[in-house]
Amino acid sequence: MSPQQPFFTTRLDQFLKWAQESAVWPMTMGLACCAIEMMSIVSPRYDVSRFGSEVFRSSPRQSDLMIVSGRVANKMAPILRQLYEQMPDPKWVISMGACASSGGVFDNYAILPGVDSILPVDVYVPGCPPSPDALIYALMQLRREIEAGGKANVLARA
Amino acid sequence: MTIEDTEIGRTDSTAKEVRKRDDLRIFALAPDPEAATVDERDTLVLSMGPQHPSTHGVLRVMLRLDGETVLTAEPEIGYLHTGIEKQCENLFWQQAITVVERADYLAPLLNGLCYVLAAERLLGIKDVPPRAQVLRVMFAELTRIASHLVWLGTHAMDLGAQSIFMYAFEMRERILDIMEFVTGARMHQSWFRIGGLAIDVPKGFLAKMDDFIARFPTRLADMRRILEKNVIIMDRLVGVGAISASDAIAWGLTGPNLRASGIAYDVRKAYPYSGYEQYDFDVCVASGGDCYARFVVRLNEMQQAWRIIKQACERFPDGPVAIADRKIIPPPKTEIQHSMEALIHHFKLVSSGFNVPEGHVYQSVESPRGELGMYVTSAGGNKPWRVRWRPPSFYNLQALRKLAPRNLVADVVAIIGSLDPVFGEVDR
Amino acid sequence: MPDATALRAQTAALLPQLTQTLGADFLEAVSSEDMDEVAMLPGGLPAAAELLLANGFTMLLDIGCTDHLPLTPRFEVSYHFLKFDLETNAPDGRINSTAPQVPARFRLRVFPDDLDPHVPSLAKLWPSADWAEREVWDFFGVRFDGHPDLRRILMPDDWAGHPLRKDYPLRGLDRRFTPGGRVGEVPPVITK
């Protein structure tokens, strides 16, 4: 907290960030195998709702976070972009898994070499698929990032 | 970065034009003759998906509705097309196992099993050790239960029973624990190899399996008690999406979808592989062919799969887990450290694989979705020439065009759930 | 429950029948290790299909295609059929027997022309052929005459080229959606 910043807006800023990070609601953007691990974080063992992601909203208009879980095919890319545009600000993107981050195991005509070709990504999660622990760690990293206020790319390794 | 800055904006508009032109054709081709009698201007075209909580993946269904009744349902697929078949043609025979598993991602080991069995047939390998066979059967059945649990959790959640999702996934976590204990990975284990298995199971494996065998029946019985005679489940599923046996055959349905229409076709009984003829289990059949019949068949299948696992654990023989042919299976690492020959074998396998004699074979296994077949063609080289999938979900999903008309919109969700498609497999 | 040898005897009996029906379109009949099969030219496909249907092969399991470039004929469209034992079928389509079915299996391999491949469509006889034929068209460019709605199914509607052909590069002809120019040049064409 810089001493030159006015007291009230800094407090407001901190309050807003706390509000945003405490209830990050992901969108159901399950594409492939990673989606099953994403579903596992809702299951009782990993239980992501204790971190604030109580519900996965199907409508992009009601969600904050797009977890791109799975390989992105050429046909799906425009739809992904449209959904991202439909999400209201502030919004974040976690690129879950090797395929979403870099094309993964697949190096061919059909798969995008990373979803960051079409979307700005905040956290990359390696793994094929990443275990639910890794995804939760990525969520925690995202929360730290929201708190810090930056939009730097962060590699979540767990 | 806006849409117009990227390629998407340009290509998307072309795709839109193409789609508009094709839309008019699609709806003129209704398989249901009654649909053509309603005036087109009174109908609503609803695009369901590809991002949708209940389509079980990336599926777009173009529904033409007359009020709430579906007139035609035209599924549009390809949103997860991965080029797996082409990717396999560029990998060595043993490397392709990893890629092959990512098609049907709910039952990865079964994709691997089908491919590995096909390759073994082309190579003429008939002496896969019994321990490997038993472990293959055991893990195939564990995978089947895991896949059916995902089906149960998501299908019940679609119908409103959200707590079943939690129970089913909790049980599934126990199975994935076993997978991780043995192979190191929860999903996409890549454990089966051409000629056997990659590594043997660790100590303590049988204790873990016994624990699972003890726990599973009670949990399954719990879930059945909640669901099987449940008024809401029966209201939503009985009579919905019914298909007769001859129609099911004509539309290429296999697996639980076909068995729910009364035809007791199970590849494990008809064309057994990996020693399935030695196990005692029933083929689960129901009559009625509707969503409820498919529901009951899958619940019963979980029970039968548990039976097979129990028998496999009792049977568990000792011995190696892979054939001794060093030209196919690499030697153990300990040997590589002091034997030149072993080192050369390992080097050869990793750098240039092994050659498979020319020929073609169709190998099928019973996946949780139906008959998973692979028509593998070899041109004599160290890479598969062609791996043609026969994806059960592709044909099951096509039947949606037959099943959905004359039902309500809400029933479409129930029907898709009861067909249990996996889009990694549909689109490959 | 019929056993495997009895079934193979059944399907083996079809081979001379097909040889006769196909006449000039017949290429070869093989009793492979997995099932009996007949290789033919596309002209004979309708007759062969009728014969199989008349013999009870009511399920078309799969239609696939293989590109044998640089060999010729290049395209091989493969059809797999299953025949169920439906004698215990009741009139309303319900099956009375719950004994496990052991269906007979059969394969047809059709070799169309290299430069302009055309094969008659089986979509009217077996509804399961519809999407499978669209997929073969999408990936190989083999046209199916008489198909009600032949268009791409898995690739985007405006895609150029047929990806699973052997002269189509693995990484594609261009890369969409990579504004940073992430991909290098296209690797050389695979011919074997």
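**View 1. Salt bridges between chain B and chain C.** Six salt bridges are found across the interface of chain B and chain C, a salt bridge being a side-chain nitrogen of Lys or Arg within 4 Å of a carboxyl oxygen of Asp or Glu. In one of them, the side chains of B:Arg428 and C:Glu135 meet at 2.8 Å, N to O. This is a predicted model, in which local features need pLDDT of at least 70 and side-chain atom pairs count only at pLDDT 80 or more, whereas totals for chains, interfaces and linings use all residues. Residues are numbered from 1 along each chain as its sequence is written, chains are lettered from A and ligands numbered from 1 in the order in which they are written, and side-chain values use heavy atoms, with hydrogens and water left out.

**View 2. The contact surface of chain B towards chain C.** Here 64 residues of chain B are in contact (heavy atoms within 4.5 Å) with 66 residues of chain C. The two chains bury about 5,500 Å², of which carbon and sulfur atoms give 59%; buried area is the accessible area (1.4 Å probe) that two parts lose on being put together, summed over both. B:Lys86, B:Tyr271 and B:Trp385 supply 14% of the area that chain B buries against chain C, more than any other three residues.

**View 3. The interface of chain B and chain A.** The contact involves 42 residues of chain A and 39 residues of chain B. About 3,500 Å² is buried between these chains, 64% of it on carbon and sulfur atoms. Two salt bridges are counted between chain B and chain A; one of them joins the side chains of B:Arg186 and A:Glu37 (2.9 Å, N to O). On the side of chain B that touches chain A, at least two residues each come from helix 1 (7-28), helix 2 (84-88), helix 5 (130-159) and helix 6 (162-183) of chain B. Helices (H or I, at least four residues) and strands (E, at least two) are DSSP runs, numbered from the N terminus. Helix 6 of chain B gives the most to this side, with eight residues.

**View 4. A three-stranded sheet in chain B.** The strands of this open sheet lie in the order 1-2-3, with antiparallel pairing; two strands pair if DSSP finds at least two bridges between them. Strand 1 (44-48) and strand 3 (69-76) of chain B are the edge strands, each pairing on one side only. Five bridges join strand 1 to strand 2 (residues 60-66) of chain B. B:Leu44 stands opposite B:Leu65 in strand 2 of chain B.
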